[in-house]
Amino acid sequence: MAAIGVSSSMPLGNDTKKIARFRGFRGLRPTGQSSMVKSAYYVRPISLFGSSTIVRAVSTPVKPEPSDVKRSKVEIFKEKSNFLRYPLNEELQSEAPSINEAATQLIKFHGSYQQTNRDERGVKSYQFMLRTKNPCGRVSNGLYLAMDTLADEFGIGTLRLTTRQTFQLHGVMKKNLKTVMSTIIQNMGSTLGACGDLNRNVLAPAAPYKSKDYLFAQETADNIAALLTPQSGAYYDLWVDGEKAMSAEPPEVVEARNDNSHETNFPDSPEPIYGTQFLPRKFKVAVTVPTDNSVDILTNDVGIVVVSDAHGEPQGFNIYVGGGMGRTHRIKTTFARLGDELGYVPKEDILYVMKAIVVTQRENGRRDERRYSRMKYLIDDWGIDKFRSVVEQYYGKKIEPFKELPEWEFVDYLGWHEQGDGTMFCGLHIDSGRIGGTTKKTLRAIIEKYNLDVRLTPNQNIILTNINRAWRKPISTSLAEAGILDIKYVDPLNVTAMACPALPLCPLAITEAERGIPALLKRVRAIFDKVGLKHYDSVVIRVTGCPNGCARPYMAELGFVGDGPNSYQIWLGGTPNQMSLAKSFKDKVKIHDLEKVLEPLFSYWKMKSLHGESFGDFTNRLGFDQLTEMVDKWDGSLEKVI
Ligand code: HEM
Ligand code: SF4
């Protein structure tokens, strides 16, 4: 048994004066060690659990001496935070408009980023962005109306729908954070774990279909979200004075969380799965059904697909692991990656295998350098076979071979559809997910009047659900009067396009994305017209203000990734069904020079594509050498270059 001493005390929250501090952090192994992790440590915070300094260790690990283990600053903040409380609680009580560095890291776990308005010069105008967590994008009527009101009263008057089926509320002042958070919680919403080093919002098809496989995918997403929600109560302590207002968890979730038959847990910890250190980095899960790739399945750390029998009865799940978008410019060892096939498990095991995957990453993901902490780097380093064998040890069973799946398709659920229970749903396209002005007023009026629940899609759109047939006409009329176009009148380029928020609030933005995309799409449309492409010849375009890739530009047929002021890296090679990773085609293309690259590419596609060939398939078939030569030689006519 390894023993860890308590070496010092430090200030904590009002009621907590001391915390056990690791002499060196020893619960997790650094990357590169190949043997299966055998240990899990947990040190009890003294004042919370009496004076005991009992240390739990399930077996003796082979580890370097603690002093050799380099850890990032965020790891230290987490370790000292008393499960996400200190010093956030204290910082929130101060009169200052901002919070300190440690609290800024911790508040992410509570679902908020501290930001400043970068358009404003001089004194920094601190404010907070809040992100909700809505598994499957499900939002009750009450929560939608509450968010709508909060945006007006405490935000910047808009709601932002995100690419992870959640809301973002920008511009909340520190003094209003508690009111906003508690209102969300009282309306049975949550922001807990929407950002930070833990499981983020779990995606699942947003369509409210009543078929068995869709319902099962959504139930599974809910259960995984519940399984991996922080348990220490810090969130409720901070925002609603300890009053937890959530509905009871399904017993199978509680059972799976508490199960420690394969040494996955910190059994006496307030965080049995996460421990003091949570995960090395963000962790993203999506669940879907075969063919429905509305969730960009391969971009997630874990992608789960319901597998049903010939009668449509769900039997189990295929699992992909190791997807992720974020990268850093000019650092080739960082990259966007698609998930690999891990295998198949029977349906009753999904929570156990999820836990085994999470624990594999918790114990082995890098904690020294956050740039390499996502699970995709662990899998890339180990290879899928080794990763699978470690997961199997925590799962306690063999993972079966991946089952064959049919072709994937991108689905957006826009327009009017039958739900399958006699009611209808209506998917509405929202440019960059930004709901403001007349659109916001009209949506609120409709949602309020007909008492509708809504769903948010992973493409920044919204679905109105449970619509009685008789309401279709008046709802359509109200939408049309507000200029919310029937999907057949929206430019197909806009329908599939996405942009991240970027400037002015995102601290990491290098250049514009959301504010720039309307003009960019108009220019692409103008090029289409010029080279003779038709209205319906569409291309999936995604824009981000930096290489973190929040709007998944590396899956686009034409991706723009900010790499300087008014300058973008251009990515080509994603496909309409979101199953292929794009590659970087050109760097530092100035925004005013876009036509020089896009006009030859689109002309070439128009002239040389095979019947029905998408732009993504076309650029993949031709290859970058040919495309580059053609762009470089372009002088306004194809004749000279082909
Ligand atoms: C790798 C480092 C990353 C950092 C530091 C980061 C940081 C941020 C920040 C600060 C915002 C808020 C922007 C705003 O609303 O003002 C944001 C938004 C968002 N991020 Fe990231 N991000 C990272 C990577 C990613 C990746 C790889 C994804 C998934 C593909 C992602 C998904 C999102 C989503 C869904 C939003 C909401 C806005 C939207 O829908 O475009 N992030 N991120
Ligand atoms: S991609 Fe970059 S600029 Fe855009 S929201 Fe994410 S971190 Fe900010």
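**Exercise 1.** How do the residues of the shell around ligand 2 divide into nonpolar, polar and charged?

*Solution.* The structure is a predicted model, in which local features need pLDDT of at least 70 and side-chain atom pairs count only at pLDDT 80 or more, while totals for chains, interfaces and linings use all residues. Residues are numbered from 1 along each chain as its sequence is written, chains are lettered from A and ligands numbered from 1 in the order in which they are written, and side-chain values use heavy atoms, with hydrogens and water left out.

Step 1: list the residues with a heavy atom within 4 Å of the ligand. Around ligand 2 these are Cys500, Pro501, Ala502, Cys506, Leu508, Ala509, Thr544, Gly545, Cys546, Asn548, Gly549 and Cys550.

Step 2: assign classes. Ala, Val, Leu, Ile, Met, Phe, Trp, Tyr, Cys and Pro count as nonpolar, Asp, Glu, Lys and Arg as charged, and the others, Gly among them, as polar.

Step 3: the shell of ligand 2 divides into 8 nonpolar, 4 polar and no charged residues.

**Exercise 2.** Identify the protein donor of the iron atom of ligand 1 and locate it in the chain.

*Solution.* Step 1: search for donors, meaning N, O and S atoms within 2.8 Å of the metal (3.2 Å for Na, K and Ca); water is not among the atoms, so sites may look incomplete. The only protein donor of the iron is SG of Cys550, at 2.2 Å.

Step 1: Cys550 belongs to the loop between strand S18 (541–544) and strand S19 (558–564).

**Exercise 3.** Describe the packing of helices H16 and H17.

*Solution.* H16 (residues 594–608) and H17 (residues 615–622) pack at about 90°, and their axes are 11 Å apart. H16 is therefore roughly perpendicular to H17 (under 35 degrees is roughly parallel, over 145 roughly antiparallel, 65 to 115 roughly perpendicular, the rest oblique).

Step 1: list the contacts (heavy atoms within 4.5 Å). Leu601, Phe602, Tyr604, Trp605 and Lys608 of H16 meet Phe615, Phe618, Arg621 and Leu622 of H17. These residues comprise 7 nonpolar, no polar and 2 charged.

**Exercise 4.** Which residues does the cis peptide bond with omega about 10° join?

*Solution.* Step 1: this bond joins Leu503 and Pro504. Step 2: Pro504 sits in the loop between strand S17 (498–499) and helix H15 (517–531).

Definitions and conventions
Helix = DSSP H or I, 4+ residues; strand = E, 2+ residues; numbered from the N terminus. Axes fitted to C-alpha atoms, helices over the stretch in contact; angles between N-to-C directions.
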